[in-house]
Amino acid sequence: MRNLREMLRDEDYKGVWEAYMGFLDLSLDEFMDIQERLLLEQIHLRKKCKLGKKILGKQKITTIEDFRKKVPLTRYEDYADTLLNKRVEDLPSVPLHWVQTTWRGGAQPIKLAPYSASMVEEHTKMFMSSLILSTSKKRGEFELRNFDRFLYGMAPLPYLTGFAPYILKDLIDFEYLPSTERAEKLSFRDRNKEGFKLAMKHGADLFFGLSSVLVKIGESYADSSNSGSKLPVPGNTKQAIKYIKAWWKKKVKKQELLPKDLFEFKGIVCGGTDSNTYKAKIEHYYGIKPIEIFGGTESAAVATETWSRNGLTFFPDVNFLEFIPENELQKENNQPGYVPRTVLFNELEANQIYELVITKLKGGAFIRYRIGDIMKCVSLENKEDKIALPQVVYLDRVHNIIDISGFTRISKQLIGDALKIENISPVFWTATKELGDSSA
C-alpha cells in the first residue's frame, strides 16, 4: 500500500482524499458502529491487564449500555500511581512513547500518558487529515504537497505536539523551519523567532501552533517591520518579489506592513483553548483563516474543523466519546456525591453545552476519563460541507480551571497555595477569566 508521500508524488490526490477524509462521509449510524466495535475490542483488551481490571472490575460487560452502567467515571488520580511510575506490565499495551503535560493542582507537577504503536499511528493519520484540510477550500481539493515548508510552533518533546515532526517523517517530506535538529537545541521562544526569520527569507507553506503564539508573533512582527528593522536577505526570487511589493506598500503607499505581505501560507492549523477568540486576528495578520484542531495529551487528536471552518468534526476511531450535559454538571456541583449521567455522540442536542468524557481506543490507558474540556454542540450536521455528523465548538476548561492561552492553568488549589505562601487569609475570594477588546 502506498503512503502519502508516494500518492502525492504520483499526483493521486483523489486517493489521498479517500485515505484521509473518509470519516467525513460517515453517516451517524456508521460513526456509532465504529465506536461500538472499537470500544468492545478495547474492553476485551483491558480485561487482561491489571489497570483495566482495577477500573472495570470483574463484572461482565458486553454492550455499551453495560459499560456506561457498570464502569465509573475516572480522573487522572485513578491512574497516577501506575502511569507516573511507568508500570508497563500493568497496561493493556506496550507504550511506544510516554507523553507529558502539566498537572496543575495535582499531586505531582506532571501527568504522563502512554501511547501504543497503534495509538501513534491513528493520531498521526488524524493530524495529517487536519493539515490536508487546512489547505482545502472545497471537498476533494487541497494544496498540500511533498517538500512544503512547515513552520512548526508547538511545544517540544516530551509534549504531544513535539512528536509531530518525528511521526510524520515516514509519511511525507516536509522542510521544517527550523530543522528538527536545530529546533532541539533552541528554547520554545527562540525556535519560533528563528522559524519566522527563515519563513521571511525563504517563504513558508504551513504553520501549526498555538493561536495565541501566532497572534503575538504577528503583533511583534508588525511592530518591528514598521519601525525600520532590517529584514533578512531574501532566499529566492519569489521572496525577493514580495520584498519589493512590501517596500512599495510601506514607502509609497504609506501603509502598515503585516506578516502576510512577506509570506503566504497554504494552510494554518491552530490549537489552544482560546483558538476561537484569536481566529479573526490570525486572518488579519496572515491573510488566511486558520483551521482549528482539538485534542490533548490524554485524548490525542479528537476533532478537526473542515474547509468551511464553522465547527469541529469528531474522529470516530481515536476515542470512544461520551458527554456530560450541562444540567448534569450543575447537579454534580450542587449535590456532593452525585454521579452525572452521560449521553452518547448520537444523543447530542444542538445549542447544548457538554463536558467531554473519553475512553482511549487502540490500547490506551484511560477509561471513561474526564479531562475537563467543555464544548457546545452548534448543530447536528454541517450542511455547508455536507457532513452528516454533529458539529461542536470548544469553549474552555471546566469551571474550576482557568486556562490562559494554553500556557497556564490556574486551579483553586494553586491560588489557595499562593495565598498561604503570602500569608494572606481572605474571608472569601473569587477568580474569573476575562478577555479584553484586544483578545490578548
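**Rings and strands**

Mentor: We begin with F208, which is buried at a relative accessible area of 6%, where buried means under 20% relative accessible area, exposed over 50% and partly exposed in between, with a 1.4 Å probe and protein chains only. This is a predicted model, in which local features need pLDDT of at least 70 and side-chain atom pairs count only at pLDDT 80 or more, while totals for chains, interfaces and linings use all residues. Residues are numbered from 1 along each chain as its sequence is written, and side-chain values use heavy atoms, with hydrogens and water left out.

Trainee: Which parts does the pair of F127 and F208 tie together?
Mentor: Rings of Phe, Tyr and Trp (its six-membered ring) pair if their centres lie within 6.5 Å, and planes under 30 degrees apart count as stacked, over 60 as edge-to-face and the rest as tilted. F127 and F208 form a tilted pair, with 4.8 Å centre to centre and 55° between the planes. Helices (H or I, at least four residues) and strands (E, at least two) are DSSP runs, numbered from the N terminus. Because F127 lies in one part and F208 in another, 81 residues apart in sequence, the pair ties together helix α7 (residues 117-134) and strand β5 (residues 206-210).

Trainee: Is F127 buried or exposed, and what is its relative accessible area?
Mentor: F127 belongs to one aromatic cluster with F150, Y152, F174, Y176 and F208. F127 is buried, and its relative accessible area is 4%.

Trainee: What kind of aromatic pair do F314 and F323 form?
Mentor: Both F314 and F323 are buried. Their rings are 5.6 Å apart, centre to centre, with 80° between the planes, and the pair is edge-to-face.

Trainee: What is the bridge partner of Y354 in β13?
Mentor: Strand β13 (residues 369-379) is joined to β12 by six bridges, and these strands run antiparallel. In β13, the bridge partner of Y354 is M375.

Trainee: Which side chain is joined to that of T342 by a polar contact of 2.7 Å?
Mentor: T342 lies in the loop between α14 (326-334) and β11 (343-344), and T342 is buried, with a relative accessible area of 7%. A polar contact is a pair of N or O atoms within 3.5 Å; within protein, one must be able to donate a hydrogen and the other to accept it, and residues adjacent in sequence count only if both atoms are side-chain atoms. At 2.7 Å, the partner of the T342 side chain is that of E322.

Key: Pairing = 2+ DSSP bridges.
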